[in-house]
Amino acid sequence: MEIIHNFINGQSIPPANDQYLENVEPAIGEIYGKIPRSTEQDIQLAVEAAKAAFPAWASTDIGVRADILSKIADLIDQKRSQLAQAESRDNGKPVKLATLVDIPRASSNFRFFSRAITQWSGSSYFMRGQESLQSFTIHQPLGVVGCISPWNLPLYLFTWKIAPALATGNTVVAKPSEITPYTAYMLGEICNEAGLPPVVLNIVPGLGHEAGQAIVEHPEVKAISFTGGTKTGSIIAGLAAPKFKKLSLELGGKNPNVIFADCDYDKMLKTTVLSSFANQGQICLCGSRILIERSIYNKFKSDFVAKVNSRKVGDPKIDENHLGAVVSAAHQQKILDYIALAEEEGGRILTGGHAIHPKGRCAKGYFVAPTVIEGLDNNCRTNQEEIFGPVVTLQPFDSEEEALALANGTAYGLASTSWTQD
Ligand code: NDP
């Protein structure tokens with residue numbers, strides 16, 4: 001059983017209340033480790049440490065900060081294989097995907113901001129008619145920043161928050177999702193190896209409504225960078241706004257892929273399968289509502305279903321598998337419940353619609369067959385709520401106006417794709 005601790009002051013520290021959460025490997029459905037169930041006390045310790053470290057880090061020469069962040073990027077590259085395997089074990093995603101996308105993007109985050117900080121500039125404006133008067137902007141670090149990230153792209157989104165905060169001279173208290181904490185723990189070790197001063201980055205796993213909320217509510221945390229679900233974002237906005245904290249929220253989506261008859265058909269088909277089912281559909285930008293011009297609807301439907309049926313689902317360690325496990329038993333159940341709801345709402349399942357139990361090592365893992373559904377109204381819950389799994393719906397449209405109305409007809413506004421030559 002692997003036990004990880006909080007990373008505070010550059011050290012591995014057990015949680016104050018000695019409570020732990022189980023860490024499950026979704027591809028095999030078994031517990032493989034324990035992680036701290038951190039509470040307000042641990043957050044207090046981490047914030048005090050980060051606050052004490054702030055003046056020295058904020059006044060550290062930009063070149064030195066840039067060199068350290070660049071070294072962190074190099075070490076992530078060097079440990080790409082171990083990080084990808086750890087990420088797949090926590091998350092269920094194919095190791096190949098983590099190796100090719102998630103981990104390289106995490107090192108890019110550090111490398112990008114290590115370079116960007118050396119090009120930092122302000123701006124100034126002369127007042128017309130009174131050239132002796134000038135307004136100017138300068139950039140200054142805020143202090144302690146809270147970074148809270150989700151489970152779907154664990155290290156990539158975690159570093160997307162931490163790297164810019166550190167580059168610009170802030171110190172950080174960060175909470176990964178408790179479902180996928182291991183690469184965050186490994187990042188702490190990498191930061192020590194890269195020479196990041198201890199205390200500048202503190203990593204505190206735990207439950208969202210306990211550790212996460214304690215970060216958001218702490219008066220010494222000056223800004224929150226959050227990626228996750230829209231409901232959680234709304235809770236965080238409600239807590240942060242009365243304290244006038246700076247807030248960055250990247251939330252959920254119900255993204256339409258709008259496909260017109262004049263599109264480059266083969267390219268569209270290949271990409272649409274990928275953009276709907278990559279990472280088991282657990283990417284905020286995945287297209288989950290596919291809108292197709294009626295003249296090509298039937299052709300698209302049969303070609304798309306055939307392509308989806310050719311996707312292999314199974315052990316994420318096997319490179320030939322396109323889809324791995326979904327992230328947890330609870331999430332698998334949520335996806336299956338949505339599929340049942342779609343049928344109640346009058347949807348026809350064209351393929352998928354069930355759990356999968358691969359043979360061998362992954363027999364007890366949490367797998368869901370890629371699922372395509374048609375026949376649903378745009379206003380039904382299946383087409384309005386984010387499922388965040390390998391489930392897409394198909395809807396035909398007759399005109400550009402109708403396509404736009406369907407595409408815009410949800411409360412979400414994250415991403416959309418248009419396929420046309422015009
Ligand atoms: P959640 O909103 O459930 O959780 C995100 C993070 O917030 C987790 O670390 C969670 O901890 C924490 N959290 C939960 N409640 C609170 C609280 N009250 N106060 C502070 N922190 C809290 O999202 P998921 O992890 O389920 O991630 C999936 C969601 O993320 C999807 O909706 C997806 O669209 C969105 N997403 C958006 C992206 C974007 O860039 N727009 C990118 C990637 C994902 P814990 O895990 O312990 O509950």
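## Basis

Residue numbers start from 1 along each chain as its sequence is written, and side-chain values use heavy atoms, with hydrogens and water left out. In this predicted model, local features need pLDDT of at least 70 and side-chain atom pairs count only at pLDDT 80 or more, while totals for chains, interfaces and linings use all residues.

## Ligand shell

The ligand is surrounded by 29 residues. Glu178, Gly229, Thr232, Leu251 and Glu386 are the closest. By class, the shell holds 13 nonpolar, twelve polar and four charged residues. Here Ala, Val, Leu, Ile, Met, Phe, Trp, Tyr, Cys and Pro count as nonpolar, Asp, Glu, Lys and Arg as charged, and the others, Gly among them, as polar.

## Ligand contacts and pocket

A polar side-chain atom of Ser177 lies 3.1 Å from a ligand oxygen. Backbone N or O atoms also take part: one from Gly206 at 3.4 Å, and one from Gly228 at 3.4 Å. Taken alone, the ligand exposes 910 Å², and the protein buries 87% of that. These areas come from the Shrake-Rupley method with a 1.4 Å probe.

The ligand sits in the largest pocket. A pocket is an open set of points on a 1 Å grid over the protein atoms alone, where a 1.4 Å probe fits, with protein on both sides within 12 Å along at least five of seven lines. To sit there, more than half of a molecule's atoms must lie within 2 Å of the grid points. Helix H7 (208-217), strand S11 (221-227) and helix H8 (230-240) each give two or more residues to the shell. Helices (H or I, at least four residues) and strands (E, at least two) are DSSP runs, numbered from the N terminus.

## A buried threonine

Thr371 is in strand S18 (residues 371-374). Its relative accessibility is 0%, so Thr371 counts as buried. The cut-offs are under 20% for buried, over 50% for exposed, and partly exposed in between (1.4 Å probe, protein chains only). A polar side-chain atom of Thr371 lies 2.8 Å from the backbone nitrogen of Gly353.

## Two positive phi angles

Asn9 is not a glycine, yet its phi is positive, near 60°. Asn9 is in the loop between strand S2 (6-8) and strand S3 (11-13). At 36% relative accessibility, Asn9 is partly exposed.

Phe244 also has a positive phi, near 55°. Phe244 lies in the loop between H8 and strand S12 (246-250). With a relative accessible area of 75%, Phe244 is exposed.

How values were computed. A residue is near a molecule or strand if one of its heavy atoms lies within 4 Å of it. A polar contact is a pair of N or O atoms within 3.5 Å; within protein, one must be able to donate a hydrogen and the other to accept it, and residues adjacent in sequence count only if both atoms are side-chain atoms. On a 1 Å grid over the protein atoms alone, a cavity is a set of points where a 1.4 Å probe fits but cannot get out, and a pocket is an open set with protein on both sides within 12 Å along at least five of seven lines; lining residues have an atom within 4 Å of a point.
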